[in-house]
Each structure stands twice: as C-alpha cells, then as structure tokens.
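Please find below a colleague's note, written to be read alongside the sequence and the model.

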Amino acid sequence: MSAYITSFLLFALGLGTTITFASSHWLLAWMGLEINTLAILPLMAQHHHPRATEATTKYFLTQATATAVLLFASITNAWLTGQWDIQQMTAPAPMMMITLALALKIGLAPLHTWFPEVLQGLNLVTGLILSTWQKLAPLILLFQLPEFNKTGLIILALVSTLMGGWGGLNQTQLRKILAYSSIAHLGWLVLVLQFSPSLAFLAFTTYIFMTFSAFLTFKLNSTTTINALATTWSKAPAVTAMVPLILLSLGGLPPLTGFAPKWMILQELTKQDLALTAMFAALTALLSLYFYLRLSYAITLTMSPNNLSSITPWRLPFHHYSMPLSLTTMMTLLLLPLMPAIVTLFNP
C-alpha cells in the first residue's frame, strides 16, 4: 500500500475518533464511529490472503451490527424523550441496547467471540491498532452515558476478566493470546469506569504501553506462535531478555508498571464496598497470569529443535520500530515508582 494512502487512512482514523470525542449528539458520535470503521478496513485487508479478507469481513459485519443497534437505540430514545444528547439518555430500553452495542464494538464478554478470530487474521501492526486505538471512541461513549445500571456493567466487566483469562489458557497463537489479554484488561477498565473515570483512563494508558511493547516485540522477532518463541534468543538476545518482564507486567506483577492500575482498581472497589467483586477480579487475574508465565517459559527456558541443517538467524534486518519499542518497554517496566506523581496529575 502506498505511503500516501496509508497516511490518509491513519488521518481518517484519528478524525473519526476525534469527532466521537467532541460530540454530544448521537448522530455525530455515530458518524465518527462509521469513519473509524471504514478507515481501518483497507488497512486490515491490505495483505491479500484469504485469512485477512475473512478477518476484515467479520470485523465489518460485527461493527456494522453494533453501529446499527446504537443508531436504532438513539433514534428510539429521541422518539421517547425528544433528546439527542448523549448525556440525556433516560429511557431504560435504549440505554441497555446502547450499552450492549458498545460492549460488542470493543469486545467485552460475552460479546467477545469475534475479536480473537479477527485479530488472528491480521498482521501485528494492524492488530495493535485494533487492540488500542479502535477502543478509544466506544469507551468514551460508554463513559458519557449516565449511570443507569451499575450492576450490569460490573457483570459484563467480571465476565470479561474471567473469559479473557480462561480463553487464553489453551491457545498456541500469539495473536489470539493477545486478544484474550485485551479482553481481560478491558474488563478491569470497565469495572472501575463508573466509579473513577480518571483511574480507568490511567489503566487504559498503561495498557496501551504494555500492549505496544508486546506487539512490537513479536513483530521484531517475526513470531506468531508459541513454538516460534523458542527461536527468538538467536535473533535478538537483548529483546528476548526483556519479553518475560513485559509479559509479567501485562499480568500485573510487582514491581512492574502493570501492577499499579490493578492495585488501585482493587483499592477503589474496596472503597465502594465491593470487596467480593474485587476478590473475584483478583482471582480471575490468576488465569491471565498463567498464560503469561507460559509464554515466558517458552521464550526463556526452551530451545527450538534443529533437526535440519540450517543457518541460525543471528541477525535481523533493520527495523523502524526500535525507538518506539524502547520507549514503551521502559514505560512498561519502570513507571511504578512514579505512580504517586502520575496519579496526582490525573487527579489534580
């Protein structure tokens, strides 16, 4: 794909998300979501093989369904109440439909089954965009909705943390594992979104850093399966030494950055008298930690079988991801001591 076309599509992605950010009218928000969806479809289908085409088709049908439900619910709310304002949603039925439509768009369980299948058919860079940037606009809309059904959102979030850990246990494809990791992290984010939006934004920011590091590391090593991780030591030893720390930060182990948002989310849930909810979320995090440890074991403590006479790839061709990878890896590993200052910035 031409660099001009790629730049135009990335600009359209940013424009669609910005329109949704800035809108208080449901039609403008719907228009931003549509621009966002249509801009990423050519990026998803740029590699002409059947799996990419299948993933693009699945993504289009899923997003079109969610957007149609969202538009129908907003029209129904306008018919019942005469209001198009996002923060003036008062009818219960449209509120429920819009919540489910936004959950489908970002891949919250039990509406998550499309996300691992779509991510499996994409290359790692497009999958990174799908896992991070494409979730911003629906999350902003979910944040702007008035408090209607806290129990429903908590149930969606807990099911997401459970399915995000459970679904990744027996996977061998790295992209599917990262997809289930994204589902679990979104569950943690939605769990605290209605109680502390600033903490949810902090959790999403740290999730972006950690996911950016994981995707770019696998892109640098050209690995897409767990078995291929055993060969990464011969390609980039220094990067390979950092991968277990990145994965354990995704799992939320101290003293890495990923521990901070989960710690503060559990603290916030305890303040809201939701101790059982916090306990269940902490237990579901152990499921995710298992497959992060499995990946760490595969990349550090196993060696690839070399039955054929072949040349070990000691060096890789030059990549343009070195600077972003180093910056996000540093943030993924070393931000925990700075968390008090960061929290002060988020809560002035």
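Predicted model: local features only at pLDDT ≥ 70, side-chain atom pairs only at ≥ 80, totals over all residues.

1. Taken along the principal axes, the C-alpha atoms of the chain fill a box of roughly 75 × 50 × 35 Å. Of the 348 residues in the chain, 53% are buried, and the accessible surface comes to about 16,100 Å², with 71% of that area belonging to carbon and sulfur atoms.

2. Among contacts in the chain between residues at least 6 apart in sequence, 78% join residues that are at least 24 apart.

3. Thr132 sits in the loop between helix H6 (124–131) and helix H7 (136–144). Thr132 counts as buried because its relative accessibility is 9%, and the cut-off for buried is under 20%.

4. Leaving aside residues up to four places away in sequence, Thr132 touches Phe204, Tyr207, Ile208 and Thr211. A polar atom of the Thr132 side chain also lies 2.7 Å from the backbone oxygen of Leu128, whereas Leu142, ten residues from Thr132 in sequence, is 16 Å away from Thr132 in space, C-alpha to C-alpha.

5. On the surface, Leu276, Met279, Leu283 and Leu286 form a nonpolar patch, and together these residues have about 440 Å² of accessible area. One of them, Leu283, is found in helix H13, which covers residues 275–300.

Note on methods. Residues numbered from 1 in each chain as written. Heavy atoms only, no water. Patch = residues over 30% accessible without salt bridge, like charges linked within 9 Å, V, L, I, M, F, W, Y side chains within 5 Å. Areas by Shrake-Rupley, 256 points an atom, 1.4 Å probe, with all protein chains shown as cover. Salt bridge = Lys/Arg side-chain N within 4 Å of Asp/Glu carboxyl O. Helix = DSSP H or I, 4+ residues; strand = E, 2+ residues; numbered from the N terminus. Buried < 20%, exposed > 50% of the residue type's maximum accessible area, 1.4 Å probe, protein only. Contact = heavy atoms within 4.5 Å. Polar contact = N/O pair within 3.5 Å; in protein donor to acceptor, adjacent residues only side chain to side chain.
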